[in-house]
Amino acid sequence: MRTLIKGGTIVNADGTSKADILVDGERIVLIGEDLDVTADHTIDATGKWVIPGAIDVHTHMSLPFGGTVSKDDFETGSRAAAFGSTTTIIDFAVQPKGGSLRQGLDTWHAKADGKTCIDYGFHVIVSDVRDDVLDEMDALVDEGVTTFKLMTAYPGVFLSDDGSIFRAMLRTAENGGLVMMHAENGVAIDVVANANAEAGRTDPIWHGRSRYSIFEGDATSRVIRLAQAAKAPVYIVHMTAREALDAVRAARADGQPAFAETCPQYLTLNLDALGNGFEGAKYVCSPPLRPQEHVEELWKGLIHDDLQVVSTDHCPFDFVGQKELGRGDFRKIPNGVPAVENRVDLLHDGGVACGRFTPNRWVQLISSNPAHLFGLTHKGSVAVGYDADVVVYDPTRRHTISAKTHHMNVDYSCWEGREVVGGADVVMSHGKVIVDGDRWLGRPGDGRFIKRERSAYLE
Ligand code: URP
Ligand code: ZN
């Protein structure tokens, strides 16, 4: 099957050019001006951008959390991702307490296999660092699961102490893996959260008010220092706070391989969203939405490359029946927001359309940096030899985000009624059109597990 994408403007991280693209089978085989070739199928991309399929390196499909399970499974979540221009996700398998990394990975393979509509990979959340677990990390890196998340948050559930984090980092310094850190001082947060709850301050706003930005800054500085001591790279997930950003800035200015992502919710919403009585539960995630001055700082971080990636931390829970578990006690609200379908358009709208950065930087943040940092060597660029994960994107299309029309399996949207500019016309996953306007042409099980290479962060 050969497909010709004609008349579009290719937007890659490293440049923009007007050219046609020939896809043969699963790969891009030819790029050139006015290609005169035969094809089974032609896509007219006149007036549109042709971008590499976006990569979301932080999703939680079917994640057990707070006594419930995130609402999108690998089928519904990956289909929604595709409608939002994303053609690869990297989800988090969870090591069971006392169990092995392999057990966690097997469980997540079973959730994803045969259901996922786009390509996918896994990180592993390590919650119990033992000698045998460190050995397992070596084996997993060789098998294409090259990234491990540890947390300084959620005491008693996921939290790892400094010794455990340091040992994991020492191991990745040897085996070429990458430690990702959820960096909030969870122990200190619990002191404040418990005091607030005991004083009757139980509304969702107190989730945000208990998780001080200084606690995020503290944990971020600490894990960056641990990485420095271990001579290992480190990647901070879902950064929200100026204090944390300053720690990354200082480390990078000093030549340390420290990297960080933020998410669309932290760029487009603020703490006020948590304040409307229990409605605020829709916006409960950790770290929390911050006051507006942090939001502005995150945009600056994207402009100046203090932040390298925008992912989603997609972790949806219905308002009715799931978020409601925390009525009367903000500590019991399942943490997470739905965003996998909205990331690319929100970042286009707030980043490119608002004139903060170029279309090339946008592609870098949503696709090529994720590919590079997470070892997806055939993705992240519209180039010969690369996977034909390609999006024909209309940078002028205006649409209104709503739970009534989104494809995520969740009963609300954080951006209900918000108009954004930019949207996918056609989405292709390794050579097959899976989204054509409003039409879904993909199939569960067509997505493949991708064995990833080690991070190419030094290149
Ligand atoms: O609120 C969040 N972030 N929920 C998902 C779990 C996590 O901490 O990443
Ligand atoms: Zn997460």
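Two rings of Phe, Tyr or Trp (its six-membered ring) pair if their centres lie within 6.5 Å; planes under 30 degrees apart count as stacked, over 60 as edge-to-face and the rest as tilted. This is a predicted model, where local features need pLDDT of at least 70, side-chain atom pairs count only at pLDDT 80 or more, and totals for chains, interfaces and linings use all residues. Residues are numbered from 1 along each chain as its sequence is written, and side-chain values use heavy atoms, with hydrogens and water left out.

**Exercise 1. Find how many aromatic pairs the structure holds, then classify the pair of phenylalanine 83 and tryptophan 440.**

Step 1. The count comes to 16 aromatic pairs.

Step 2. For phenylalanine 83 and tryptophan 440, the ring centres are 5.7 Å apart and the planes sit at 35°, so this pair is tilted.

Step 3. Now place the two partners. Phenylalanine 83 belongs to helix α1 (residues 74-83) and tryptophan 440 to strand β21 (residues 439-440), so to speak a link between distant parts of the chain, 357 residues apart. Helices (H or I, at least four residues) and strands (E, at least two) are DSSP runs, numbered from the N terminus.

**Exercise 2. Describe how helix α2 meets helix α3.**

Step 1. Two packed helices are described by the angle between their axes and the distance between the axes. Axes are lines fitted to C-alpha atoms, for helices over the stretch in contact, with angles from 0 to 180 degrees between N-to-C directions.

Step 2. Here α2 (residues 101-112) and α3 (residues 131-142) have axes that come within 9 Å and cross at roughly 50°. That makes α2 oblique to α3; under 35 degrees counts as roughly parallel, over 145 as roughly antiparallel, 65 to 115 as roughly perpendicular and the rest as oblique.

Step 3. Who touches whom (heavy atoms within 4.5 Å)? Leu101, Arg102 and Leu105 of α2 meet Val133, Glu136, Met137, Ala139 and Leu140 of α3.

Step 4. Sort the contact residues by class: six are nonpolar, none polar and two charged. Ala, Val, Leu, Ile, Met, Phe, Trp, Tyr, Cys and Pro count as nonpolar, Asp, Glu, Lys and Arg as charged, and the others, Gly among them, as polar.

**Exercise 3. Work out what lines the largest pocket and the second largest pocket.**

Step 1. On a 1 Å grid over the protein atoms alone, a cavity is a set of points where a 1.4 Å probe fits but cannot get out, while a pocket is an open set with protein on both sides within 12 Å along at least five of seven lines; lining residues have an atom within 4 Å of a point.

Step 2. The largest pocket holds about 540 Å³ of space. Among its 28 lining residues, Phe65, Tyr154, Pro155, Val157 and Arg331 are the closest to its centre. Helix α5 gives the largest share of this lining, five residues.

Step 3. The second largest pocket holds about 390 Å³. It has 18 lining residues, with Phe83, Glu341, Arg397, His399 and His407 closest to its centre. By class, this lining has four nonpolar, nine polar and five charged residues.

**Exercise 4. Pick out the cis peptide bond and the positive phi.**

Step 1. Most residues other than glycine have a negative phi, and most peptide bonds are trans.

Step 2. Serine 286 and proline 287 are joined by a cis peptide bond, with omega about -5°. Proline 287 sits in the loop between α9 (264-268) and α10 (292-303).

Step 3. Serine 62 has a positive phi, near 50°, and lies in the loop between β8 (54-59) and β9.

Note on methods. Chains lettered and ligands numbered in written order. Contact = heavy atoms within 4.5 Å. Points joined across faces, edges and corners; volume = space filled by probe spheres on them.
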